[in-house]
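Subject: Structure handover

Hello,

Here is the structure I promised to pass on. Please open it first, then read the notes below.

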Amino acid sequence: MARFRFPLLIALALFVVILALTAALKDRHYILLSLVLVAAALFPLFVRLERRALESRELVLLAVLSAVAAVSRIPFAALPSVKPVSAIVILSAYVFGAEAGFIIGAVAALVSNIYFGQGPWTPWQMFAWGMVGLTAGWLRNTRWMRTRTGMLIFGFIWGFLFGWIMNIWYIISLPDAFSWGLVAAAYASSFYFDLAHALSNVFFLSLLAGGWIKVLQRFRKKYGLLQQE
Amino acid sequence: MNKGFRSMHPAVALLYYAGLLLFAALLFHPVFLLTEMIGVLSLLLMQRQGRHLLRALPFYLLMAGSVAVMNPLFSHRGANILFYLLDQPITLEAVLYGVMMMLVLLTIFIVFRSYNYTVTTDKFMYLFAAAAPRTALLSLMAIRFVPLFQRRLRQITLIQSTRGINVNSGKLRKRMKDGMTLLKVLLTWSLEEALQSADSMKARGYGIRKRSTYGIYKLDRQDIWILIVLAVSGLCTLLGWLQGYAMLEIYPRMKPAVFSWGEAAMFASFCLFVLTPLGLEGKEKWLWRSSRRSGYPSVTPMKAGIRSMSFRSR
């Protein structure tokens, strides 16, 4: 069984991709294709996590940070879109770099959804929070992110981008109604949720930034974690 | 307790849910979608998950219902115009398409609800631990940390409140600052401790060789039979889909739905696929019922065919 696992998985993936393409081209039915594409977007960074040299300390560090991000979502469960997850992912990516940020964001989405319920939105959330971490890591050495206001603006923008990525999933289910009107309506109806997310990002970032960056940087230095990036 | 469909090998459950999801996303026919939805719903009800489902239902209805409303408002394809709304034609076809999409989404939501109950995290990890060992270990550790951190946060709150740091009293500014102090304590404590356990992992030789995996699940004869039944019926359904069956043509003009012989055969195999777990669950219920009827409950001998986790690990 173990010997056949990889060929079997690859064959299965190919099979689903072909089915998705057929459904999309033949019947203009895009739900399956969209899920396949999101999975493909998540794939490379997880492959890299499997392949690269990684100390057990670094692995545990990633697990702790994703778990903290996932736990932080629980007390705010009653308020939709108010989640400190994005803020924690941004701060971790700021200290530990883009790849670590992506993994922390994606795993935090996966783990917190065990408590909130998995659904077709799980891969999209994994992708969206992963991208939050990835971009924060890419921009961490720019002058913009170095200033506190720059980081707050970054969090604010991602509050909206996150909601917009999640909206794609909804729009894709109506291929025939696709028009700028539908897009505008979908984005207008999510505006208040996105605004709440953006403002809560600013709020949590301004509260957490100073202390957490100091703590994380000290750990990074003391134990020599994820230094090579 | 784990019994019935829940006690089957994880591969069976995964094949079942992957198939259900695939069919929900591929087949575009009200009869098929309704069959799938009702099948999974009755499975959930038999497993006594009705109350949990009811709690999530408003959200599901809101999401799916909005699709049904949005489609006719923005799509004006179709030949039969029902009426005009703000000079925009509302067509029968667009309404039907919206309703179909609503069915698709509802089915997917309900399938995931059932998946959450049946494929628990350990089963999922068992299936994927060998393919992606590091990702599996990482997510497993994170999952394990969540309840630990919640417990720790309660301890920290209790201890810090003796020195006046708590989030329940004082001005808003002070309370927020205190809350952040608590979180920072949690972060440093957990990181210190986790890095120690990482060191002990290393000392015990983690990462020296390829990770081996321990499997608690064994494929027994019933699992294999069910796997074969699911695979064959699923493939027959897919073949039917490739033939162009089970696709309701709505645009540009709705075609009358003719249930041909081929489609009927496909529907039969689809029903077999969807209803197999229900049959297992029902058989289990029946065996428990009839075992209660004869003799003392405490001395009831183990009936052949009753499956439960405790029974198999013996």
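**Salt bridges**

Over all chains, the structure holds five salt bridges. A salt bridge here is a side-chain nitrogen of Lys or Arg within 4 Å of a carboxyl oxygen of Asp or Glu. Please keep in mind that this is a predicted model, where local features need pLDDT of at least 70, side-chain atom pairs count only at pLDDT 80 or more, and totals for chains, interfaces and linings use all residues. Residues are numbered from 1 along each chain as its sequence is written, chains are lettered from A and ligands numbered from 1 in the order in which they are written, and side-chain values use heavy atoms, with hydrogens and water left out.

Start within chain A. Glu99(A) and Arg48(A) meet through their side chains in a salt bridge, at 2.6 Å from N to O. Glu99(A) sits in helix α5 (residues 98-116) of chain A and Arg48(A) in helix α2 (residues 31-51) of chain A, so the pair ties together parts 51 residues apart in sequence. Helices (H or I, at least four residues) and strands (E, at least two) are DSSP runs, numbered from the N terminus. Glu99(A) is buried, at 17% relative accessible area. Arg48(A) is partly exposed, at 41%. The cut-offs: buried is under 20% relative accessible area, exposed is over 50%, and partly exposed is in between (1.4 Å probe, protein chains only). A network of salt bridges links Arg48(A), Arg52(A) and Glu99(A).

**Salt bridges between the chains**

How many salt bridges are there between chain B and chain A? The count is two.

One joins Asp199(B) and Arg57(A), with the closest N and O atoms 2.7 Å apart. Asp199(B) counts as partly exposed, at 31% relative accessibility. Arg57(A) is partly exposed too, at 22%.

Another joins Lys222(A) and Glu192(B), where the closest N and O atoms are 3.3 Å apart. Here the crossing runs from helix α10 (residues 191-223) of chain A to helix α7 of chain B. Lys222(A) is partly exposed, with a relative accessible area of 47%. Glu192(B) counts as partly exposed, at 26%.

**The interface**

The size of an interface is often given as the accessible area lost when the parts come together. Chain B and chain A bury about 6100 Å² between them, and 77% of it is on carbon and sulfur atoms. Buried area is the accessible area (1.4 Å probe) that two parts lose on being put together, summed over both. Arg134(B), Leu138(B) and Leu195(B) supply 12% of the area that chain B buries against chain A, more than any other three residues.

The contact (heavy atoms within 4.5 Å) takes 65 residues from chain B and 70 residues from chain A. Eight residue pairs between the chains are in polar contact, both residues at pLDDT 80 or more. A polar contact is a pair of N or O atoms within 3.5 Å; within protein, one must be able to donate a hydrogen and the other to accept it, and residues adjacent in sequence count only if both atoms are side-chain atoms.

Several helices of chain B each supply at least two residues of the side that touches chain A, among them α1 (10-26), α3 (50-74) and α6 (133-161). The largest share, 15 residues, comes from α7(B).

**One residue to look at: Thr135(B)**

Thr135(B) is in helix α6 of chain B. Is Thr135(B) buried or exposed? Thr135(B) counts as buried, at 14% relative accessibility. Its side chain makes a polar contact of 2.6 Å with the side chain of Glu50(A). Leaving aside neighbours within four places in sequence, Thr135(B) is in contact with Phe46(A), Leu49(A) and Glu50(A).

**Chain B as a whole**

Chain B has ten helices and two strands. From the N terminus on, its elements run α-α-α-β-β-α-α-α-α-α-α-α. Of its 314 residues, 42% count as buried. Among contacts in chain B with a separation of 6 or more, 73% are between residues 24 or more positions apart.

Best wishes
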